[in-house]
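Dear colleague,

My findings on helix packing and salt bridges follow it.

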Amino acid sequence: MPDFARARGWRGLVAALVVPPLLTAVLTNLTERLNLSSQVLIYLVALVAISRVCGMVPALVAAVWTALLLDYYFISPIHTFRIAVANDVITFSAFVIVAVTVASVVEYSGKQFRRATQAAAEAAQLEAADRMRTALLNAVSHDLRAPLAAARASVDTLHDPRFELSAGEREELLGAAQTSLGRLSRLVEDLLDMSRLQSGALKPLVETVAVDEVIPRAIDDVPAAAGRVTFAANPDGVPPVVADSALLERVLANLVGNAAKHTASRIELVAGAATRARTPNIPNIPNGDRVEIRVIDHGPGIPATDHERVFRPFQRLGDRDNTAGVGLGLALARGLVEAMGGELRPEDTPGGGLTMVVTVPARPVPARPAAGSREASSR
(Lines give C-alpha, C1' and ligand atoms only; values in the text may rest on other atoms or scores of the structure.)
Protein backbone atom coordinates (compact mmCIF):
# COMPACT_ATOMS: atom_id res chain seq x y z
CA MET A 1 0.00 0.00 0.00
CA PRO A 2 2.74 2.57 0.75
CA ASP A 3 4.35 1.78 -2.64
CA PHE A 4 1.01 2.34 -4.37
CA ALA A 5 0.52 5.67 -2.55
CA ARG A 6 4.05 6.76 -3.42
CA ALA A 7 3.54 5.91 -7.10
CA ARG A 8 0.20 7.74 -7.12
CA GLY A 9 1.88 10.81 -5.59
CA TRP A 10 4.60 10.90 -8.24
CA ARG A 11 2.11 10.45 -11.07
CA GLY A 12 -0.03 13.19 -9.57
CA LEU A 13 2.86 15.67 -9.44
CA VAL A 14 3.77 14.88 -13.04
CA ALA A 15 0.15 15.45 -14.07
CA ALA A 16 0.03 18.72 -12.08
CA LEU A 17 3.13 20.01 -13.88
CA VAL A 18 2.29 18.76 -17.40
CA VAL A 19 -1.48 19.17 -17.80
CA PRO A 20 -1.73 22.97 -17.24
CA PRO A 21 0.91 23.85 -19.91
CA LEU A 22 -0.70 21.46 -22.40
CA LEU A 23 -4.11 22.97 -21.72
CA THR A 24 -2.62 26.46 -22.05
CA ALA A 25 -1.19 25.57 -25.46
CA VAL A 26 -4.66 24.49 -26.59
CA LEU A 27 -6.41 27.56 -25.18
CA THR A 28 -3.96 30.03 -26.71
CA ASN A 29 -5.14 28.82 -30.13
CA LEU A 30 -8.74 29.51 -29.12
CA THR A 31 -8.24 32.98 -27.64
CA GLU A 32 -10.42 34.63 -30.28
CA ARG A 33 -13.32 32.22 -29.60
CA LEU A 34 -13.22 32.06 -25.80
CA ASN A 35 -13.37 34.86 -23.25
CA LEU A 36 -11.57 34.89 -19.92
CA SER A 37 -14.53 33.36 -18.03
CA SER A 38 -14.65 30.37 -20.37
CA GLN A 39 -10.92 29.86 -20.08
CA VAL A 40 -11.13 29.98 -16.26
CA LEU A 41 -13.94 27.38 -16.27
CA ILE A 42 -11.94 25.03 -18.51
CA TYR A 43 -8.97 25.32 -16.16
CA LEU A 44 -11.25 24.58 -13.21
CA VAL A 45 -12.52 21.40 -14.86
CA ALA A 46 -8.92 20.24 -15.33
CA LEU A 47 -8.13 21.03 -11.68
CA VAL A 48 -11.15 19.07 -10.48
CA ALA A 49 -9.99 16.06 -12.52
CA ILE A 50 -6.44 16.31 -11.14
CA SER A 51 -7.75 16.65 -7.60
CA ARG A 52 -10.09 13.69 -7.97
CA VAL A 53 -7.55 11.37 -9.54
CA CYS A 54 -4.27 12.51 -8.00
CA GLY A 55 -5.08 14.01 -4.59
CA MET A 56 -4.78 17.25 -2.70
CA VAL A 57 -1.06 18.09 -3.08
CA PRO A 58 -0.96 17.69 -6.90
CA ALA A 59 -4.18 19.72 -7.11
CA LEU A 60 -2.64 22.61 -5.13
CA VAL A 61 0.50 22.49 -7.29
CA ALA A 62 -1.69 22.52 -10.40
CA ALA A 63 -3.75 25.42 -8.99
CA VAL A 64 -0.65 27.59 -8.41
CA TRP A 65 0.83 26.62 -11.77
CA THR A 66 -2.47 27.29 -13.58
CA ALA A 67 -2.91 30.69 -11.87
CA LEU A 68 0.50 31.78 -13.14
CA LEU A 69 -0.22 30.56 -16.68
CA LEU A 70 -3.65 32.17 -16.67
CA ASP A 71 -2.22 35.52 -15.57
CA TYR A 72 0.70 35.41 -18.01
CA TYR A 73 -1.13 34.28 -21.16
CA PHE A 74 -4.74 35.41 -20.84
CA ILE A 75 -5.05 38.40 -18.47
CA SER A 76 -4.21 41.84 -19.81
CA PRO A 77 -1.45 42.96 -20.09
CA ILE A 78 -0.44 39.69 -21.81
CA HIS A 79 2.97 38.12 -21.08
CA THR A 80 3.33 39.89 -17.77
CA PHE A 81 2.33 39.03 -14.24
CA ARG A 82 0.44 42.30 -13.76
CA ILE A 83 -3.35 42.69 -13.87
CA ALA A 84 -4.60 46.02 -15.18
CA VAL A 85 -8.40 45.63 -15.09
CA ALA A 86 -10.33 45.37 -11.84
CA ASN A 87 -12.74 42.77 -13.25
CA ASP A 88 -9.78 40.61 -14.20
CA VAL A 89 -8.48 40.90 -10.64
CA ILE A 90 -11.83 39.66 -9.35
CA THR A 91 -11.90 36.83 -11.90
CA PHE A 92 -8.36 35.79 -11.08
CA SER A 93 -8.95 35.94 -7.31
CA ALA A 94 -12.19 33.95 -7.64
CA PHE A 95 -10.35 31.36 -9.73
CA VAL A 96 -7.66 30.89 -7.09
CA ILE A 97 -10.20 30.65 -4.24
CA VAL A 98 -12.48 28.25 -6.13
CA ALA A 99 -9.53 26.12 -7.27
CA VAL A 100 -8.21 25.68 -3.74
CA THR A 101 -11.72 25.10 -2.36
CA VAL A 102 -12.59 22.53 -5.02
CA ALA A 103 -9.31 20.71 -4.44
CA SER A 104 -10.01 20.58 -0.71
CA VAL A 105 -13.59 19.40 -1.14
CA VAL A 106 -12.68 16.72 -3.67
CA GLU A 107 -9.85 15.46 -1.46
CA TYR A 108 -12.12 15.41 1.60
CA SER A 109 -14.85 13.55 -0.27
CA GLY A 110 -12.28 11.07 -1.55
CA LYS A 111 -11.06 10.41 1.99
CA GLN A 112 -14.61 9.98 3.21
CA PHE A 113 -15.34 7.55 0.39
CA ARG A 114 -12.22 5.52 1.16
CA ARG A 115 -13.10 5.47 4.86
CA ALA A 116 -16.65 4.39 4.07
CA THR A 117 -15.37 1.65 1.76
CA GLN A 118 -12.93 0.43 4.41
CA ALA A 119 -15.62 0.53 7.08
CA ALA A 120 -17.98 -1.44 4.83
CA ALA A 121 -15.27 -4.05 4.18
CA GLU A 122 -14.52 -4.35 7.90
CA ALA A 123 -18.23 -4.62 8.66
CA ALA A 124 -18.57 -7.39 6.05
CA GLN A 125 -15.62 -9.25 7.60
CA LEU A 126 -17.10 -8.91 11.08
CA GLU A 127 -20.48 -10.08 9.81
CA ALA A 128 -18.88 -13.09 8.10
CA ALA A 129 -16.90 -13.88 11.26
CA ASP A 130 -20.06 -13.55 13.34
CA ARG A 131 -21.97 -15.87 11.00
CA MET A 132 -19.11 -18.37 11.16
CA ARG A 133 -19.00 -18.15 14.95
CA THR A 134 -22.78 -18.59 15.20
CA ALA A 135 -22.68 -21.55 12.81
CA LEU A 136 -19.82 -23.09 14.79
CA LEU A 137 -21.63 -22.70 18.10
CA ASN A 138 -24.84 -24.13 16.65
CA ALA A 139 -22.99 -27.02 15.05
CA VAL A 140 -20.83 -28.03 17.97
CA SER A 141 -23.45 -27.43 20.68
CA HIS A 142 -24.59 -31.02 20.23
CA ASP A 143 -21.69 -32.65 18.41
CA LEU A 144 -19.15 -31.85 21.11
CA ARG A 145 -21.40 -32.22 24.11
CA ALA A 146 -22.97 -35.53 23.08
CA PRO A 147 -19.78 -37.65 22.97
CA LEU A 148 -18.42 -35.85 26.02
CA ALA A 149 -21.61 -36.57 27.96
CA ALA A 150 -21.64 -40.21 26.80
CA ALA A 151 -18.02 -40.74 27.81
CA ARG A 152 -18.58 -39.09 31.18
CA ALA A 153 -21.69 -41.19 31.84
CA SER A 154 -19.76 -44.38 31.09
CA VAL A 155 -16.84 -43.39 33.31
CA ASP A 156 -19.15 -42.28 36.13
CA THR A 157 -20.97 -45.59 36.00
CA LEU A 158 -17.69 -47.50 36.15
CA HIS A 159 -16.49 -45.39 39.05
CA ASP A 160 -19.73 -45.53 41.10
CA PRO A 161 -19.42 -48.22 43.81
CA ARG A 162 -23.20 -48.60 43.99
CA PHE A 163 -23.20 -50.49 40.70
CA GLU A 164 -22.12 -54.11 40.67
CA LEU A 165 -21.00 -54.60 37.10
CA SER A 166 -20.03 -57.80 35.39
CA ALA A 167 -16.88 -58.04 33.31
CA GLY A 168 -18.97 -57.86 30.12
CA GLU A 169 -20.77 -54.72 31.29
CA ARG A 170 -17.49 -53.05 32.20
CA GLU A 171 -16.09 -53.93 28.80
CA GLU A 172 -19.21 -52.49 27.13
CA LEU A 173 -18.97 -49.24 29.10
CA LEU A 174 -15.25 -48.88 28.36
CA GLY A 175 -15.96 -49.45 24.67
CA ALA A 176 -18.68 -46.80 24.70
CA ALA A 177 -16.34 -44.32 26.44
CA GLN A 178 -13.56 -45.10 23.98
CA THR A 179 -15.90 -44.61 20.99
CA SER A 180 -17.24 -41.30 22.34
CA LEU A 181 -13.77 -39.97 23.13
CA GLY A 182 -12.55 -41.01 19.68
CA ARG A 183 -15.43 -39.14 18.07
CA LEU A 184 -14.72 -36.11 20.24
CA SER A 185 -11.03 -36.25 19.32
CA ARG A 186 -11.85 -36.33 15.59
CA LEU A 187 -14.19 -33.35 15.92
CA VAL A 188 -11.57 -31.31 17.73
CA GLU A 189 -8.91 -32.29 15.19
CA ASP A 190 -11.19 -31.24 12.33
CA LEU A 191 -11.89 -27.88 13.95
CA LEU A 192 -8.22 -27.24 14.66
CA ASP A 193 -7.14 -28.27 11.17
CA MET A 194 -9.80 -26.08 9.56
CA SER A 195 -8.56 -23.17 11.64
CA ARG A 196 -4.94 -23.89 10.60
CA LEU A 197 -5.97 -24.12 6.95
CA GLN A 198 -7.79 -20.80 7.03
CA SER A 199 -4.83 -19.10 8.72
CA GLY A 200 -2.27 -20.67 6.37
CA ALA A 201 -0.45 -22.41 9.24
CA LEU A 202 -0.90 -25.95 7.87
CA LYS A 203 2.17 -26.92 5.84
CA PRO A 204 2.02 -30.36 4.14
CA LEU A 205 5.08 -32.61 4.23
CA VAL A 206 5.25 -33.29 0.49
CA GLU A 207 7.07 -36.42 -0.67
CA THR A 208 6.73 -39.28 -3.13
CA VAL A 209 3.74 -41.39 -2.12
CA ALA A 210 2.47 -44.73 -3.44
CA VAL A 211 -1.29 -44.34 -3.86
CA ASP A 212 -2.01 -48.07 -3.79
CA GLU A 213 -0.47 -48.18 -0.29
CA VAL A 214 -2.37 -45.17 1.06
CA ILE A 215 -5.84 -46.22 -0.09
CA PRO A 216 -6.07 -49.50 1.91
CA ARG A 217 -5.00 -47.63 5.07
CA ALA A 218 -7.69 -45.01 4.43
CA ILE A 219 -10.33 -47.71 4.03
CA ASP A 220 -9.26 -49.33 7.30
CA ASP A 221 -9.72 -45.94 9.03
CA VAL A 222 -13.49 -46.13 8.36
CA PRO A 223 -14.93 -49.16 10.21
CA ALA A 224 -18.47 -47.98 9.37
CA ALA A 225 -17.80 -48.78 5.71
CA ALA A 226 -16.37 -52.24 6.33
CA GLY A 227 -17.53 -54.76 3.73
CA ARG A 228 -18.88 -52.08 1.38
CA VAL A 229 -15.65 -50.64 -0.03
CA THR A 230 -13.70 -52.00 -2.97
CA PHE A 231 -10.47 -50.68 -4.45
CA ALA A 232 -9.49 -51.11 -8.08
CA ALA A 233 -6.27 -49.71 -9.50
CA ASN A 234 -5.87 -48.85 -13.15
CA PRO A 235 -4.66 -51.92 -15.13
CA ASP A 236 -1.69 -49.86 -16.31
CA GLY A 237 -0.71 -49.16 -12.70
CA VAL A 238 -0.95 -46.03 -10.57
CA PRO A 239 1.98 -43.60 -10.85
CA PRO A 240 3.47 -42.37 -7.57
CA VAL A 241 2.24 -38.95 -6.52
CA VAL A 242 3.78 -35.93 -4.83
CA ALA A 243 1.73 -35.43 -1.67
CA ASP A 244 1.64 -35.67 2.11
CA SER A 245 0.95 -39.34 2.85
CA ALA A 246 -0.86 -38.72 6.16
CA LEU A 247 -2.99 -35.90 4.76
CA LEU A 248 -3.90 -37.87 1.63
CA GLU A 249 -4.92 -40.83 3.79
CA ARG A 250 -7.08 -38.54 5.90
CA VAL A 251 -8.71 -36.97 2.84
CA LEU A 252 -9.66 -40.36 1.42
CA ALA A 253 -10.89 -41.57 4.82
CA ASN A 254 -13.09 -38.46 5.09
CA LEU A 255 -14.54 -39.06 1.62
CA VAL A 256 -15.20 -42.76 2.28
CA GLY A 257 -16.70 -41.92 5.68
CA ASN A 258 -18.93 -39.24 4.16
CA ALA A 259 -20.18 -41.70 1.53
CA ALA A 260 -20.80 -44.34 4.20
CA LYS A 261 -22.85 -41.90 6.30
CA HIS A 262 -25.15 -40.78 3.51
CA THR A 263 -25.71 -43.95 1.51
CA ALA A 264 -26.04 -47.66 2.10
CA SER A 265 -24.73 -48.50 -1.37
CA ARG A 266 -21.38 -50.02 -2.23
CA ILE A 267 -18.42 -47.65 -2.37
CA GLU A 268 -15.73 -47.98 -5.01
CA LEU A 269 -12.27 -46.44 -5.10
CA VAL A 270 -10.60 -46.25 -8.49
CA ALA A 271 -7.12 -44.79 -9.02
CA GLY A 272 -5.10 -44.13 -12.14
CA ALA A 273 -3.37 -41.51 -14.27
CA ALA A 274 -5.68 -38.59 -15.04
CA THR A 275 -6.94 -38.29 -18.59
CA ARG A 276 -6.64 -35.04 -20.50
CA ALA A 277 -10.27 -35.14 -21.59
CA ARG A 278 -11.96 -35.18 -18.21
CA THR A 279 -9.45 -33.45 -15.96
CA PRO A 280 -9.70 -29.65 -15.68
CA ASN A 281 -6.57 -27.56 -15.63
CA ILE A 282 -4.82 -27.23 -12.30
CA PRO A 283 -2.34 -24.33 -12.08
CA ASN A 284 1.30 -25.33 -12.48
CA ILE A 285 0.51 -28.98 -13.22
CA PRO A 286 0.70 -29.95 -16.91
CA ASN A 287 -1.88 -32.31 -18.37
CA GLY A 288 -0.82 -35.93 -18.00
CA ASP A 289 1.17 -35.28 -14.82
CA ARG A 290 -1.70 -36.01 -12.47
CA VAL A 291 -3.29 -38.95 -10.72
CA GLU A 292 -7.01 -39.25 -10.08
CA ILE A 293 -8.50 -41.12 -7.12
CA ARG A 294 -12.26 -41.49 -7.51
CA VAL A 295 -14.49 -42.28 -4.51
CA ILE A 296 -17.72 -43.54 -6.06
CA ASP A 297 -21.03 -44.26 -4.36
CA HIS A 298 -24.34 -45.33 -5.89
CA GLY A 299 -26.73 -43.58 -3.52
CA PRO A 300 -29.25 -40.81 -4.18
CA GLY A 301 -26.53 -38.28 -5.04
CA ILE A 302 -26.99 -34.53 -4.73
CA PRO A 303 -28.30 -31.91 -7.18
CA ALA A 304 -25.69 -30.28 -9.40
CA THR A 305 -26.62 -26.91 -7.87
CA ASP A 306 -25.36 -28.18 -4.48
CA HIS A 307 -22.03 -29.55 -5.73
CA GLU A 308 -20.09 -26.58 -4.41
CA ARG A 309 -22.28 -25.94 -1.41
CA VAL A 310 -21.28 -29.24 0.21
CA PHE A 311 -17.73 -27.91 0.59
CA ARG A 312 -18.80 -25.02 2.80
CA PRO A 313 -18.01 -25.51 6.50
CA PHE A 314 -20.95 -26.57 8.68
CA GLN A 315 -23.04 -27.74 5.71
CA ARG A 316 -24.75 -31.11 6.11
CA LEU A 317 -27.07 -31.54 3.14
CA GLY A 318 -29.90 -33.94 3.77
CA ASP A 319 -29.04 -34.64 7.41
CA ARG A 320 -32.03 -35.23 9.62
CA ASP A 321 -30.16 -35.40 12.90
CA ASN A 322 -26.94 -34.29 14.47
CA THR A 323 -25.10 -37.58 14.28
CA ALA A 324 -23.13 -36.77 11.13
CA GLY A 325 -20.63 -34.37 12.66
CA VAL A 326 -20.25 -30.64 12.34
CA GLY A 327 -20.12 -30.68 8.55
CA LEU A 328 -16.39 -30.05 8.23
CA GLY A 329 -15.37 -33.28 6.50
CA LEU A 330 -15.70 -32.20 2.87
CA ALA A 331 -14.55 -28.64 3.51
CA LEU A 332 -11.48 -29.94 5.31
CA ALA A 333 -10.83 -32.56 2.61
CA ARG A 334 -10.85 -29.94 -0.16
CA GLY A 335 -8.62 -27.63 1.88
CA LEU A 336 -6.09 -30.41 2.50
CA VAL A 337 -6.03 -31.45 -1.16
CA GLU A 338 -5.53 -27.86 -2.32
CA ALA A 339 -2.77 -27.40 0.26
CA MET A 340 -0.95 -30.27 -1.46
CA GLY A 341 -1.36 -28.61 -4.86
CA GLY A 342 -4.28 -30.76 -6.01
CA GLU A 343 -7.99 -30.50 -6.58
CA LEU A 344 -11.16 -32.07 -5.18
CA ARG A 345 -14.32 -31.89 -7.24
CA PRO A 346 -17.69 -33.71 -7.26
CA GLU A 347 -19.23 -35.47 -10.23
CA ASP A 348 -22.48 -37.35 -10.77
CA THR A 349 -22.04 -41.12 -10.80
CA PRO A 350 -23.43 -42.64 -14.00
CA GLY A 351 -26.66 -44.39 -13.08
CA GLY A 352 -27.06 -42.38 -9.85
CA GLY A 353 -24.88 -41.41 -6.94
CA LEU A 354 -21.97 -39.09 -6.25
CA THR A 355 -18.31 -39.39 -7.21
CA MET A 356 -15.62 -37.41 -5.44
CA VAL A 357 -12.54 -36.96 -7.62
CA VAL A 358 -9.20 -36.26 -5.92
CA THR A 359 -6.57 -35.06 -8.38
CA VAL A 360 -2.97 -34.75 -7.15
CA PRO A 361 0.33 -34.15 -8.94
CA ALA A 362 2.14 -37.24 -10.15
CA ARG A 363 5.85 -37.66 -9.51
CA PRO A 364 7.76 -36.39 -12.56
CA VAL A 365 9.25 -39.21 -14.59
CA PRO A 366 12.99 -38.70 -15.27
CA ALA A 367 13.73 -38.21 -18.95
CA ARG A 368 15.50 -41.12 -20.59
CA PRO A 369 18.90 -40.32 -22.07
CA ALA A 370 19.06 -40.12 -25.85
CA ALA A 371 20.36 -43.15 -27.71
CA GLY A 372 23.59 -41.42 -28.66
CA SER A 373 24.24 -39.79 -25.30
CA ARG A 374 27.28 -40.45 -23.12
CA GLU A 375 25.18 -42.32 -20.54
CA ALA A 376 23.75 -44.65 -23.15
CA SER A 377 27.11 -45.34 -24.74
CA SER A 378 28.72 -46.06 -21.37
CA ARG A 379 26.25 -48.87 -20.80
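**Salt bridges and a helix pair**

At a relative accessibility of 16%, Glu249 counts as buried. Please note that the model is a predicted one. Glu249 forms a salt bridge with Arg217, and their closest N and O atoms are 3.1 Å apart. Glu249 belongs to helix α8 (residues 245-262) and Arg217 to helix α7 (residues 211-220), so the pair ties together parts that are 32 residues apart in sequence. Arg217 itself is partly exposed, at 33% relative accessibility.

The count of salt bridges comes to 11. Another of them joins the side chains of Asp160 and Arg162, at 2.7 Å from N to O. Asp160 is buried, with a relative accessible area of 16%, whereas Arg162 is exposed, with 69%. Arg294 and Glu292 also form a salt bridge, with 3.1 Å between the closest N and O atoms, and both residues are buried. These two belong to a network of salt bridges that also links Glu343, Arg345 and Glu347.

As to helix packing, the axes of α2 (residues 36-54) and α3 (residues 56-74) come within 9 Å and cross at roughly 160°. The two helices are therefore roughly antiparallel to each other, and α2 passes α3 in a right-handed crossing. The residues of this contact divide into 13 nonpolar, 3 polar and no charged. Among those in α2 are Leu36, Val40, Tyr43, Leu47 and Ile50, while α3 contributes residues including Pro58, Ala62, Leu69, Leu70 and Phe74.

Yours sincerely

Terms used: Residues are numbered from 1 along each chain as its sequence is written. This is a predicted model: local features need pLDDT of at least 70, side-chain atom pairs count only at pLDDT 80 or more; totals for chains, interfaces and linings use all residues. Side-chain values use heavy atoms; hydrogens and water are left out. Axes are lines fitted to C-alpha atoms, for helices over the stretch in contact, and angles run from 0 to 180 degrees between N-to-C directions. Helices (H or I, at least four residues) and strands (E, at least two) are DSSP runs, numbered from the N terminus. Angles under 35 degrees count as roughly parallel, over 145 as roughly antiparallel, 65 to 115 as roughly perpendicular and the rest as oblique. A crossing is left-handed if the near helix is turned anticlockwise from the far one by less than a right angle, and right-handed if clockwise. Contact means heavy atoms within 4.5 Å. Ala, Val, Leu, Ile, Met, Phe, Trp, Tyr, Cys and Pro count as nonpolar, Asp, Glu, Lys and Arg as charged, and the others, Gly among them, as polar. A salt bridge is a side-chain nitrogen of Lys or Arg within 4 Å of a carboxyl oxygen of Asp or Glu. Buried means under 20% relative accessible area, exposed over 50%, partly exposed in between (1.4 Å probe, protein chains only).
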